[in-house]
Amino acid sequence: MSQTALNLTAIAIFLMTMTALLGPMFNLSPTLPAIATFSLLGLATLDSFSLQGKGGTLVLDWFASFSPQHRDRIIRHEAGHFLVAHLLGIPVTGYALSAWEALKQKHPGQGGVSFDDTEVASQLAQGTISTQLLDRYCTIWMAGVAAETLVYERAEGGADDRQHLHTVLSSLGFSAASVELKQRFCSLQARNLLQQNWAAYEALINAMRQRLDVAECRNLIDSLTVTLNPVE
């Protein structure tokens with residue numbers, strides 16, 4: 001069972017329990033809570049077997065949308081990916097700031113940034129990739145976690161990013177220990193890039209909140225960035 005399905009099941013159980021405890025006090029009919037509970041359980045089952053976690057992600061994202069901090073985390077996470085990718089010369093082609101937008105853009109989580117990955121895909125298809133290009137992409141994948149950590153001291157998102165990095169490095173023959181070292185190194189590189197270009201990062205966050213298009217976001221970064229900081 002996926003994590004989102006487990007979360008939906010937990011919500012359903014919580015709803016059923018609270019209804020049983022508080023329903024008599026407020027004269028609530030047991031019918032509506034029962035329907036809601038079984039609907040959530042049904043969605044959890046459908047999510048596990050048919051939607052591969054995406055349905056549950058949409059529901060949980062809707063619940064979380066009522067939290068300003070949750071939305072802020074998503075924007076800061078995705079802005080981290082966007083800024084670091086642009087600084088490292090990897091073209092950004094789009095971004096999503098909600099689970100619905102992410103689903104339409106074929107991202108697995110509650111947000112996402114799309115890149116022109118033609119070069120890296122071509123090299124990976126041949127079973128090889130240059131060290132410089134690999135480090136750049138690994139740094140971009142870890143940039144969302146680095147951005148969240150800088151602001152909140154810990155990251156709630158980034159599981160898909162870590163898994164993607166692990167999958168790519170493992171396919172290239174990296175040992176588990178080497179994957180861990182690479183992840184730490186690239187996290188530090190991303191953190192340094194964000195700190196060195198903090199004004200551009202904050203401006204990019206505001207631009208993404210206003211849903212400015214990718215070209216406008218790129219121009220904004222360029223206007224506030226004096227020097228690029230590629231990973232060598």
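Which helix does His166 lie in? His166 belongs to helix 8, which covers residues 159–171. Keep in mind that this is a predicted model.

**Around His166**
- With a relative accessible area of 38%, His166 counts as partly exposed.
- His166 and Glu180 are 14 residues apart in sequence, and their C-alpha atoms lie 8.5 Å apart in space.

**Aromatic pairs**
- Go looking for rings that pair up and you'll find three aromatic pairs in the structure.
- One of them joins Tyr137 and Trp141, with 6.0 Å from centre to centre and 50° between the planes, which makes it a tilted pair.
- Tyr137 and Trp141 both sit in helix 7 (residues 131–152), and because they are four residues apart there, about one helical turn separates them.
- Are these two residues, Tyr137 and Trp141, buried or exposed? Both Tyr137 and Trp141 are buried.
- Trp198 and Tyr201 make a tilted pair too: their ring centres are 4.8 Å apart and their planes are at 50°.
- This second couple is found in helix 10 (residues 198–209), where Trp198 and Tyr201 are three residues apart and so are separated by about one helical turn.
- Trp198 has 29% relative accessibility, so it counts as partly exposed, whereas Tyr201, at 0%, counts as buried.

**A charge over a ring**
- What sits over the ring of Tyr152? That's the charged end of Arg73, placed 4.0 Å from the ring's centre.

**Where helix 7 meets helix 9**
- Helix 7 packs with helix 9 (residues 176–196) at an angle of about 65°, and their axes are 7 Å apart.
- Angles of 65 to 115 degrees count as roughly perpendicular, so helix 7 and helix 9 are roughly perpendicular to each other.
- As for handedness, helix 7 passes helix 9 in a right-handed crossing.
- On the helix 7 side, the residues in contact include Asp135, Cys138, Thr139, Met142 and Ala143, along with Ala146, Ala147, Thr149 and Leu150.
- On the helix 9 side, the residues they meet include Lys182, Gln183, Phe185, Cys186 and Ser187, and also Gln189, Ala190, Arg191, Leu193, Leu194 and Gln195.

Notes. Residues numbered from 1 in each chain as written. Predicted model: local features only at pLDDT ≥ 70, side-chain atom pairs only at ≥ 80, totals over all residues. Heavy atoms only, no water. Phe/Tyr/Trp six-rings, centres within 6.5 Å; stacked < 30°, edge-to-face > 60°. Helix = DSSP H or I, 4+ residues; strand = E, 2+ residues; numbered from the N terminus. Buried < 20%, exposed > 50% of the residue type's maximum accessible area, 1.4 Å probe, protein only. Lys NZ or Arg CZ within 6 Å of the ring centre and 35° of its normal. Axes fitted to C-alpha atoms, helices over the stretch in contact; angles between N-to-C directions. Parallel < 35°, antiparallel > 145°, perpendicular 65-115°, else oblique. Left-handed = near helix turned anticlockwise from the far one by under 90°. Contact = heavy atoms within 4.5 Å.
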